[in-house]
Amino acid sequence: MTSRFRRAGRAARIAGTFALGVTALVPAPALAQSAPQVSAAWIESLCPAPAANEFALGKTEEEQAASALALFESPGEARAPFTSGSGVYTPWSRRLAGLSWESELEYGDHMEDWRVALAETLAANGWEQREDTMFGAGPGWSALAFEKAEIVDGSERTLIFRFDTFDKYSVDCGEADMLDLYQREVGGELEPGSPRPVDPGPPASETEYLARFDCADPEVVARFAAAGSTEVAGPYAETLISGAMPYDVQEQYEQRLGTWLGWMLLASGRISDEDFFELTREADDVVELDFEADLMGMIGSLENSFKGLEENDGARACTGYRTMLKSGIAATKASYNRHRRINAAMIAEAERLGIDID
């Protein structure tokens, strides 16, 4: 099963990138299944410990070494069978708490062999089995978790190693204190002194963003007609958009501001959990976008783009891509406005209660 950290994301973000990422919907060729070879060095290479790689616990993504981040795209033979990875960053402070790795190997005859070999290797190298609570809400039937005290950056830290074989071979490895911080930040509990987020300014113009994505332009239509596949059309479509997607950065800011405002209100002790819930519920009681209808529209746009590519119909393919982009912008804008409403209600309540939020 895909790690919950890699599953995390918003519908708006998915909608916004969906148009340019349709190549991901093309089935990958089946891989030969075999039991991965496990060893102490292999296990160490999957954890954020300097003995195995250059990842720095507690640091932001911008502070990580470029050579370490490159491993997510190309884990290499030393980390086989994993073909991709990602950093687990705390949702507020954006600090590295762990690493997640995934493979394309699906459930097969060697699955239990791998589980047994991995569990035995972990136990033989000082790892102790523990309850699977740090990387998820509770233990899954196929997941096992282990812990071990290691010296990281000169101090003893407890590493948590979790592997899962429910769907595909996957592994998470993180540090206990940072993962605990991750869980607290998910719940809206921030560290003392956490600063108010900085407003990024007004959203970019949708018109400017899509200005070069002109499906009436003969040259654009011709390029889509000649593409023949999503592998060619997708990268070309990316060249037709300008800058960041409208409302994307602003939506992220409003989400972070909402987390900070909620923390400030609750930490003040001047509002109960029940009253806070009611305050945000009332502000959120507006439906701006029918996500189900929007999703169906995106599927229809995707079908149009595929048909256009199959039939060398550039206008149809172009329109399909452009419509999906517009749907992504609409979803992001709706989420942005939703968070703005909730934040406005929290700001008004903070002023009423005399809580300093400046």
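**View 1. Aromatic pairs in the predicted model.** The model is predicted. Its aromatic pairs come to ten, counting rings of Phe, Tyr and Trp whose centres lie within 6.5 Å. One of them joins Phe-224 and Tyr-321. The ring centres are 5.5 Å apart, with 35° between the planes, and the pair is tilted. Phe-224 belongs to helix α8 (residues 218-227) and Tyr-321 to helix α13 (residues 314-353), so the contact ties together parts that are 97 residues apart in sequence. Both Phe-224 and Tyr-321 are buried.

**View 2. A second tilted pair, Tyr-247 with Tyr-336.** The two ring centres lie 5.4 Å apart and the planes meet at 45°, so this pair is tilted. Tyr-247 sits in the loop between α9 (230-239) and α10 (248-268). Tyr-336 comes from helix α13. The pair links distant parts of the chain, 89 residues apart. Tyr-247 and Tyr-336 are both buried.

**View 3. An aromatic cluster around Phe-224 and Tyr-321.** Four residues make up one aromatic cluster: Phe-213, Phe-224, Tyr-236 and Tyr-321. The tilted pair of View 1, Phe-224 and Tyr-321, is part of this cluster.

**View 4. His-339 in helix α13.** His-339 is placed in helix α13. Its relative accessibility is 14%, under the 20% limit, so His-339 counts as buried. Leaving aside residues up to four places away in sequence, His-339 touches Glu-251, Glu-254 and Gln-255.

**View 5. The six-stranded sheet.** The sheet is open and has six strands in the order β1-β2-β6-β5-β4-β3, with antiparallel pairing. Its edge strands are β1 and β3 (128-130), each of which pairs on one side only. On average, neighbouring strands are turned by 25° against each other, direction ignored. Helix α4 (residues 66-73) packs on this sheet and touches β1 and β2. The direction of α4 makes about 125° with that of β1. Helix α6 (residues 176-186) lies across β1, β2, β5 and β6. Relative to β6, α6 runs at about 100°.

**View 6. Strand β2 and its two partners.** Nine of the eleven residues of β2 are buried, so this strand is largely enclosed by the rest of the structure. Seven bridges pair β2 with β1 in the antiparallel sense. β1 and β2 form a hairpin, with six residues between them. In the turn, Arg-94 has a positive phi of about 60°. Six bridges join β2 to β6, again antiparallel. There, Leu-99 has Cys-173 of β6 as its bridge partner.

**View 7. Tyr-89 in strand β1.** Tyr-89 lies in strand β1 and stands opposite Leu-96 in β2. Its relative accessible area is 18%, and Tyr-89 is buried. Tyr-89 and Tyr-182 are 93 residues apart in sequence, yet their C-alpha atoms are 7.5 Å apart in space. Tyr-182 is also among the residues that Tyr-89 touches, not counting residues up to four places away in sequence. Other contacts of Tyr-89 include Lys-59, Thr-60, Glu-61, Gln-64 and Leu-69. Arg-94 and Leu-96 are touched as well.

View 8. β3 and β4 run antiparallel and are joined by three bridges. Arg-130 has its bridge partner in β4, at Ala-145.

**View 9. Helix α5 and its buried face.** Helix α5 (residues 111-124) has 14 residues. From first C-alpha to last, α5 reaches 20 Å, close to the 20 Å expected at 1.5 Å a residue. Its buried residues are Met-111, Trp-114, Arg-115, Leu-118, Ala-119, Thr-121 and Leu-122. Seen down the axis of α5, these buried residues fall within an arc of 165°, so they line one face of the helix. Residues three or four places apart in an α-helix point the same way, because there are 3.6 residues a turn. On the other side of α5, Glu-120 and Ala-124 are exposed. The buried residues of α5 pack against α3 (40-45) and against the strands β1 (82-89), β2 (96-106), β4 (144-152), β5 (155-164) and β6 (168-175). After α5 comes Gly-126, with a positive phi near 90°.

Notes:
Residues numbered from 1 in each chain as written. Predicted model: local features only at pLDDT ≥ 70, side-chain atom pairs only at ≥ 80, totals over all residues. Heavy atoms only, no water. Helix = DSSP H or I, 4+ residues; strand = E, 2+ residues; numbered from the N terminus. Expected span 1.5 Å × (residues − 1). Buried < 20%, exposed > 50% of the residue type's maximum accessible area, 1.4 Å probe, protein only. Arc of directions from axis to C-beta. Contact = heavy atoms within 4.5 Å. Pairing = 2+ DSSP bridges. Axes fitted to C-alpha atoms, helices over the stretch in contact; angles between N-to-C directions. Phe/Tyr/Trp six-rings, centres within 6.5 Å; stacked < 30°, edge-to-face > 60°.
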